[in-house]
Amino acid sequence: MIAKLAWKNIWFKPLNTILSVILLISSVAIITTLILVEKQFEEKFTKNIDGVDLVMGAQGSPLQLILSSVYHVDAPTGNISYDSAKVWMQHPFVEKAIPLAFGDNYRGFKILGTTADYLEKYEAKIADGKIFENNFEVVLGSEIAQKLSLSVGDEFYGSHGDAAEGHVHEEYIYKIVGIASPTGKVVDNLILCTIPSVWQMHGDHGATESENLSHGEEGHVHVEGDDHDHHQDVTIDEPGMEITAVLLKFRNKMGIVTWPRIIAQNTKMQVASPALEVNRLFSLFGIGIQALQYLAYGIMLISGISIFIALYNTLKERKNEFALLRVNGAKRMQLTQLVLIESLLLCIVGFIFGTILGRVALVLISNSAEQDFKMSFNPYEFLWNKEGVLFLLTIGVGIIAALIPAIKAYKLNISKTLANA
Amino acid sequence: MISTNKITFSYNKDQVFHMPDLYCEAGSTILITGDSGKGKTTYLHILGGLLKPTSGAIEIDKENMLALSEKKLDKFRGKNIGIVFQKSHFVSALTVLENLEMASWLATGKKNSARAKKLLEQLDVANQANKLPSQLSIGQQQRVSIARALINEPKVLLADEPTSSLDDKNAEKVIELLTSLSKEYKAALVIVTHDSRIKEKFINKITLI
């Protein structure tokens, strides 16, 4: 009955409380979005570097090397000679080395030359068809297959470089031989083929040789010698070829510590640690996220004050009602309860709508991130511990805001109130 | 049945009110009159258990109300005392019927909707049951507050200037309803008033001086 009365009181004069609820909704929404984005973002980033101790690539920004070769969200730093990379790939310290050659794209999805180890590293199985074996056979990431509704047996031409609008390579046609299982990692948004496919695509231009030279883009695989037969497929043993990066997993962990220096001193390449670079990235993001969080807590504080003012004002108006309830047999505690429940109801309403709004915001963020970075967020995930703390915090704000009005209701002098009415 | 014995009350040391003793049987009526500032409303609040007197005793249905703890007094008040105020107060967010139900729930823990409807019927405001109190006329509001005062079948019905804001016709009707219903529900009716229109209607009178 008290709760019902509290509920009716809230909606009787909704303008008194609407500001408080709006403020509360916005702060809860911001915090919910931040919590989810931060957690899922970190999760996605760290999930992708599992099993990669170091990345070897052309000299330049180590963060760029990691972003381009592990996450595929940045341009590559340049190319490295496959022959000199091979020396290090076959080093006894190395447990597994996965070479990557960046090639073309198909409708904005990157076509990546690599080996079968790449799929294995991301725990992607071949859900349909088989693994690529010959040149121009490709395996599609699960999301691409779904989005472009492609299936095994389909064929397509690639566009040059990163941009979907790039020059279309019509010399060779890619044939889909397999589709990978979903992993929730970058591989879902990649088209995988053999490294020689990438070489052949860019090496065998023949008539368009001059155009080939003018590509000039960093990180693009070009072939230095073009003296091979047009009708014979390029193989992995082709000499003098270039690749973009190598993902390294070490058997001997000493290598992780010593290689960055050794490689930098002895070669024109660099190695970067994904864990280190990603941490650096997070700490950069962290400042922004923290600032937003402080802002959201500030809004929550204001909403608490707003609830307090609303309750305090209505208490003045409703003094007579409270006295009347006491005359009708209500205990002091019941009036205190009434005030507290009203405040808590506002907070719960605020929390529920805030949580929903936060997730709507996440869907919007997810849609734009999907387009720009091939990264999507899951709005249906609930982080019980963090969102639970947020809920308790909201309830806490409600209790504190209601404290003084509730005490006032408890101490109400019935006789005086009614005599002065 | 209500009776008082040597009640005194003071807001401060200089002014002490000596309230005359009163005795009222169930079903009968007593009038408390007197000029403004003589403590009429104070007396009514003391009788209603809203104000604690400095000394004295109040017996309602053979129970000394002043000996009760505060919590028990709240319950006792809700159950045994019905009060009609000069100006009607309602919980404005609740409808007329819900106001009555709330009064019965607070006192007894049960919503007595049947009696609430019956009372509204008797007071000729049944068709207003689902309206908000603010939508009613003052006369109707006064009748609803009588209904609310009677919802728990109290032993004592207190009325504080119940007619002061009403015209002659409505005042007469309210007085008639109060007396007839207090008889029906076997409540002792105590009316505090300075309204000359109703003074002559009653024999039982106490004048505060």
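1. A:E381 sits in the loop that links α12 (332-373) to α13 (384-410) of chain A; helices (H or I, at least four residues) and strands (E, at least two) are DSSP runs, numbered from the N terminus. This is a predicted model, in which local features need pLDDT of at least 70, side-chain atom pairs count only at pLDDT 80 or more, and totals for chains, interfaces and linings use all residues. Residues are numbered from 1 along each chain as its sequence is written, while chains are lettered from A and ligands numbered from 1 in the order in which they are written.

2. A:E381 counts as partly exposed because it has 13 C-beta neighbours inside 10 Å. The classes are as follows: a residue is buried if 20 or more other C-beta atoms lie within 10 Å of its own, exposed if 12 or fewer, and partly exposed in between, with C-beta atoms placed from the backbone. Leaving aside neighbours within four places in sequence, A:E381 is in contact with A:L36 and A:Q40; contact requires the C-beta atoms of two residues, placed from the backbone, to lie within 7 Å. From A:E381 to A:Q293 the C-alpha distance is 20 Å, and the two are 88 residues apart in sequence.

3. Chain A is divided into domain 1 (2-45 + 290-420) and domain 2 (54-272), the bounds coming from an automatic or database domain assignment. Taken over C-alpha atoms, the centres of these two domains of chain A are separated by 52 Å.

4. Strand β1 (residues 54-58) of chain A is mostly covered, with five of its five residues buried. β1(A) pairs in the antiparallel sense with strand β11 (residues 245-250) of chain A over four bridges; pairing here requires that DSSP finds at least two bridges between two strands. Within that pair, A:V55 has A:L247 as its bridge partner. Four bridges also join β1(A) to strand β12 (residues 269-272) of chain A, again antiparallel, and there A:A58 stands opposite A:M269.

5. A:S149 has a phi near 40°, a positive value in a residue other than glycine. A:S149 is in the loop between α6 (142-147) and β7 (155-159) of chain A, and it counts as exposed because it has 8 C-beta neighbours inside 10 Å. In chain B, B:D124 also is not a glycine and has a positive phi, of about 65°. B:D124 belongs to the loop between α4 (113-122) and α5 of chain B and is exposed, with 12 other C-beta atoms within 10 Å.

6. Chain B holds an open sheet of five strands with parallel pairing, in the order β7-β8-β9-β4-β10. β7 (81-84) and β10 (205-208) of chain B are at the edges with a single partner strand each, so one side of each has no neighbour in the sheet. From one strand to the next the twist averages 15°; axes are lines fitted to C-alpha atoms, for helices over the stretch in contact, and angles run from 0 to 180 degrees between N-to-C directions. Strands β4 (residues 29-34) and β9 (residues 188-192) of chain B run parallel and are joined by four bridges. B:V190 in β9(B) is the bridge partner of B:I30.

7. The largest nonpolar core has 107 residues, and B:A147, B:L150, B:V156, B:L158 and B:V190 have the most contacts inside it. Such a core is a set of buried Ala, Val, Leu, Ile, Met, Phe, Trp, Tyr and Cys residues joined through C-beta atoms within 7 Å. Helix α2 (residues 14-49) of chain A gives the most to this core, with 12 residues. Apart from it lies another core, of 60 residues, including A:L100, A:F102, A:A124 and A:F132.

8. B:Q142 is in helix α5 (residues 138-150) of chain B and counts as buried because it has 29 C-beta neighbours inside 10 Å. Not counting residues up to four places away in sequence, B:Q142 touches B:S88, B:P162, B:L166 and B:V174.

9. Between the chains, 20 residues of chain A are in contact with 23 residues of chain B. α11(A) gives the most to the side of chain A that touches chain B, with six residues. In helix α2 (residues 70-80) of chain B, the residues B:D74, B:F76, B:R77, B:G78 and B:N80 are buried, and their cover includes α11 of chain A.
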